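I opened my notebook and went through this protein piece by piece. Here is what I looked up, in order.

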Amino acid sequence: MDPYTRFESTGLAASKGPAVLILAGIHGDECEPIAAALELIKYLRANDLNKGQVTVVPVANPSAFKSSRREGTDGLDMARVFPGRANGSETERQAHEVHGLIAAADYLVDLHTGGTAMRLAPFSGFFWHTDVGIRERQMEMARVFGLKRIWATDARVEGRSLSSARDCGVPAIYAEMGGGGGFDPDTVAAYLKGCLNVLRWLGIVAGEVEEIQTKQDWIRDEAPESGDLDRLEVSPAEGLFVPSKRVGDVVETGDLIGTVWEIETRREYPVFSNAVGQIFMLRARALVDRNSRLYGIWPLDKFVKLDRGSI
Ligand SMILES: [Zn+2]
């Protein structure tokens, strides 16, 4: 793991404040979270903490980052191997180290994007934890983080940083937005603001929580394994994916999402929506093979609407 940077309050209240862990770079092709973590380090160098402790890990999986890939050089996706293994492969060892940081923390924020291949609608997610107190704190974290959509999903998913947090009883959220190659400064700004808001809400950083401008939509997805972004519709052929829709579009079952063109045969494979709802994830990299994820839909009619009183 890339060395983390830790900030501690020097005041008398230092030992009494909570310890927050901010993770970025679990996926090596997601650069805006890494930039946001670096901006946060810069901010915390210039501003003393009121209380508590903040640990920032800008690049949680260096081998993935160095090769600009989602997976490490051992081919493993770090977000599928938590809590890792002390004597495992490189990605498993990194996950094991990060697991140790999670176990020692009181709160976790894990920052992501769609990487170079996918584009995502802005949302914060958390597990529907069996502990009501943890659920409440996660909801508050997601609220002050400030992204438009808040998605509570099945708590039984394994292998994630949030699975480690769940097992350690640490309130945790993750954040997703953007992706698709390039670099979006708006994502960096939104993530820096979100992290600072969580730290202000906890009283670690001075100042009021910055007002949330966006009206937030809260949903609870009760489906088993919900939130697993690997379980998306995959491409029917190898070739070129040409989307007909954008992230955020609302679709009906059977609507055309896009077309995969098979180059050698000149054959086109239309890709139709398999649900009613909102596209929250869409393939951005045009080149696809038969295992490439193409799109994900939030079936909004099947979700339970959440509000702050629905815990
Ligand atoms: Zn990611």
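**Entry 1: helix H6.** I note at the start that this is a predicted model. I began by asking which residues of H6 are buried. They are Thr187, Val188, Ala190, Tyr191, Leu192, Gly194, Cys195, Leu196, Asn197, Val198 and Leu199. Next I looked for what covers them. The cover includes three strands that I marked at once, E2 (19-23), E3 (53-57) and E4 (107-111). Strand E7 (172-178) belongs to the cover too, along with helices H1 (31-46) and H4 (132-145).

I then checked the length of H6. It has 17 residues, so at 1.5 Å a residue it should span 24 Å. Its end C-alpha atoms are 24 Å apart, which agrees. After H6 comes Gly203, with a positive phi near 80°.

**Entry 2: the core.** I looked up the largest nonpolar core and found 87 residues in it. The members that touch the most others are Val20, Ile22, Leu23, Ala36, Leu108 and Cys195. Helix H6 (residues 185-201) gives the most to this core, namely 8 residues. Domain 1 (5-220) and domain 2 (233-304) each supply at least three residues.

Val198 and Leu199 had already turned up in my list of buried H6 residues.

**Entry 3: strand E7.** Is E7 buried or exposed? I counted 7 of its 7 residues as buried. E7 runs parallel to E4, and 4 bridges join them. There, Leu111 stands opposite Ala175 of E7. E5 also pairs with E7 over 4 bridges, but in the antiparallel sense. In that pairing Ser124 stands opposite Ala175.

**Entry 4: two domains.** I recorded the division into domain 1 (5-220) and domain 2 (233-304). Their C-alpha centres lie 28 Å apart. How many residues of domain 1 are in contact with domain 2? I found 13, and they meet 13 residues of domain 2. On the domain 1 side, strand E5 (118-127) and strand E8 (217-220) each supply at least two residues. E5 gives the most, with 5 residues. By class, that side has 6 nonpolar, 5 polar and 2 charged residues.

**Entry 5: an open sheet.** I traced 4 strands in the order E13-E12-E10-E15, with antiparallel pairing. The edges are E13 (267-272) and E15 (287-288), and each pairs on one side only. Strand E10 (residues 239-243) and E15 are joined by 2 bridges. Here Gly239 stands opposite Val288.

Entry 6: Most residues other than glycine have a negative phi, and most peptide bonds are trans. I went looking for exceptions.

- The peptide bond from Phe82 to Pro83 is cis, with omega near 10°. Pro83 sits in the loop between helix H2 (62-66) and helix H3 (90-104).
- Ser68 has a positive phi of about 55° and is not a glycine. I placed Ser68 in the loop between H2 and H3. Ser68 is exposed, with 11 other C-beta atoms within 10 Å.
- Arg266 has a positive phi near 65°. Arg266 lies in the loop between strand E12 (256-262) and E13. Arg266 counts as exposed because it has 8 C-beta neighbours inside 10 Å.

Terms used:
Residues are numbered from 1 along each chain as its sequence is written. This is a predicted model: local features need pLDDT of at least 70, side-chain atom pairs count only at pLDDT 80 or more; totals for chains, interfaces and linings use all residues. A nonpolar core is a set of buried Ala, Val, Leu, Ile, Met, Phe, Trp, Tyr and Cys residues joined through C-beta atoms within 7 Å. A residue is buried if 20 or more other C-beta atoms lie within 10 Å of its own, exposed if 12 or fewer, and partly exposed in between; C-beta atoms are placed from the backbone. Domain bounds come from an automatic or database domain assignment. Two residues are in contact if their C-beta atoms, placed from the backbone, lie within 7 Å. Ala, Val, Leu, Ile, Met, Phe, Trp, Tyr, Cys and Pro count as nonpolar, Asp, Glu, Lys and Arg as charged, and the others, Gly among them, as polar. Two strands pair if DSSP finds at least two bridges between them. The expected span of a helix is 1.5 Å times one less than its number of residues.
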